[in-house]
Amino acid sequence: MIRKKVVTNLEACRALWDKFMVRRNVTDLWEFRDCFQKHFKNAPHFILLEDEQGVPGFLPLSYLKDKEKYVLFPGETWNGKTWLERTQLCMRTSDILGDLLDAAPERTHLRYLECDESALIPHLELDEIGYLFHPPEIGFDMKNYFQRFVWKKLKAIKKEIEAMLAPGCSWHINCLTDYDTMVDMSLTTFGKSSYFYDSRFTEGFRDVLRFLSRNGWLRMISLEIGGKTVAVDMAAVYQGTYVVLLGSTDPEFRGVAKAMNMQHLEFACEQRLSRVDFLCGDFHWKKLWHLDPQPLYKYVSPALKTEETTVEEISSETDYVHPLSETGVAAH
């Protein structure tokens, strides 16, 4: 018989996380997520399923008091939705998935779940599409990657990049003070629609920046043209995966995102990394650059389904510009 246990003490929750979470992505690390917990301060609500053999399932949740719902820990939200992607559902075997989701509180909304399609059940629905680049598939050779493009399109992209990278430009790697430049560019361009309009997000990612830097996993790229920093991207390299987390560009330098994207892809090939994760967000450029789509899934408890559907219908009727849609990199 399966028994349910709820843990709410933060230190006890950390012990459970460290014991049961498989660390495949940098966001699977407690230290990464704790960067946001320190600023959002949502109440943890970790669910443990137990049986005679041990723990068949583990579901780490946070309670959002203002939204009156449960989401995946640490409940870092922007525009009303959690941000971090590729969260795993910890299970002994895939057949426990139904029991694990049934154990969630009545008002639960889980996003960006990375699941094996063979393990899908009616509880899960398609959320968004993540976009990946796999250097091993092209033999770590950009010439092979370029064969995916129509020649005229590739020529236009290369020409735009070459014009952007005229004499006088320079690249900077891991200049930590460029984080503030990235924040300022986003706020200047998007104002209240920027992630960084929420100081909790700004300071949470600042802590992520420091954490990645301390461990040698940070790759922050900055492009300077004519003495002015015009683009900054923040990425992480962890266990062969390169994740482009955030980015901002100067709106006066349109097209600079193409140069940034090419830098990411070339770096991944040079370092012989297994994949580059450009995260979700169905921006047109991701399809034009022939990245590999991968579906991520969501779970919306029955009590929230009607409410969430109503909100999505209202949102679809309003014009909205994503706060990082012009950078070429960011998610959601």
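Is Ile-138 buried or exposed? The points below take up this residue and several other features of the predicted model.

1. Basis. This is a predicted model, in which local features need pLDDT of at least 70 and side-chain atom pairs count only at pLDDT 80 or more, while totals for chains, interfaces and linings use all residues. Residues are numbered from 1 along each chain as its sequence is written, and side-chain values use heavy atoms, with hydrogens and water left out.

2. Confidence. The average pLDDT (the predictor's confidence in each residue, from 0 to 100) is 90 for the protein, and 91% of the residues score at least 70. Over residues 315-332 the pLDDT is below 50, although this stretch has 62 contacts in the model beyond near neighbours in sequence; a contact means heavy atoms within 4.5 Å. Where pLDDT is low, the predicted coordinates should not be read in detail.

3. Ile-138. This residue is buried, with a relative accessible area of 5%. Buried means under 20% relative accessible area, exposed over 50%, and partly exposed in between (1.4 Å probe, protein chains only). Ile-138 lies in the loop between strand S9 (124-133) and H4; helices (H or I, at least four residues) and strands (E, at least two) are DSSP runs, numbered from the N terminus. Leaving aside residues up to four places away in sequence, Ile-138 touches Phe-133, Asn-144, Tyr-145, Arg-148 and Cys-269. Cys-269 is 131 residues from Ile-138 along the chain, with a C-alpha separation of 8.9 Å.

4. Helix H5. Leu-154, Ile-157, Ile-161 and Met-164 are the buried residues of H5. They are on the same side of H5 because they cover an arc of only 90° around the axis, the arc being that of the directions from the helix axis to the C-beta atoms. These buried residues pack against helix H4 (142-146), strand S11 (218-225) and helix H8 (256-270). Trp-151, Lys-152, Lys-159, Glu-162 and Ala-163 are exposed on the other side of H5.

5. Strand pairing. Strands count as paired if DSSP finds at least two bridges between them. S9 runs antiparallel to S15, with seven bridges, and Gly-130 stands opposite Gln-294 in S15. S9 also has two bridges to strand S14 (residues 275-277), again antiparallel, where Val-276 is the bridge partner of Phe-133. Strand S8 (residues 109-113) has five of its five residues buried. Three bridges join S8 to S15 (residues 292-300) in antiparallel fashion, with Leu-110 opposite Tyr-299.

6. Phe-58. Located in strand S3 (residues 54-64), Phe-58 counts as buried at 1% relative accessibility. Its contacts, not counting residues up to four places away in sequence, include Leu-16, Trp-17, Phe-20, Cys-90 and Leu-100. Leu-48 is also touched; Phe-58 and Leu-48 are ten residues apart in sequence and 4.8 Å apart C-alpha to C-alpha.

7. Cysteines. The structure holds zero disulfides, a disulfide being a pair of cysteine sulfur atoms within 2.5 Å. For Cys-169, the nearest cysteine sulfur is that of Cys-175, 16 Å away. Cys-169 is partly exposed, with a relative accessible area of 22%. For Cys-280, the nearest cysteine sulfur is that of Cys-115, 13 Å away; Cys-280 is buried, at 0% relative accessibility.
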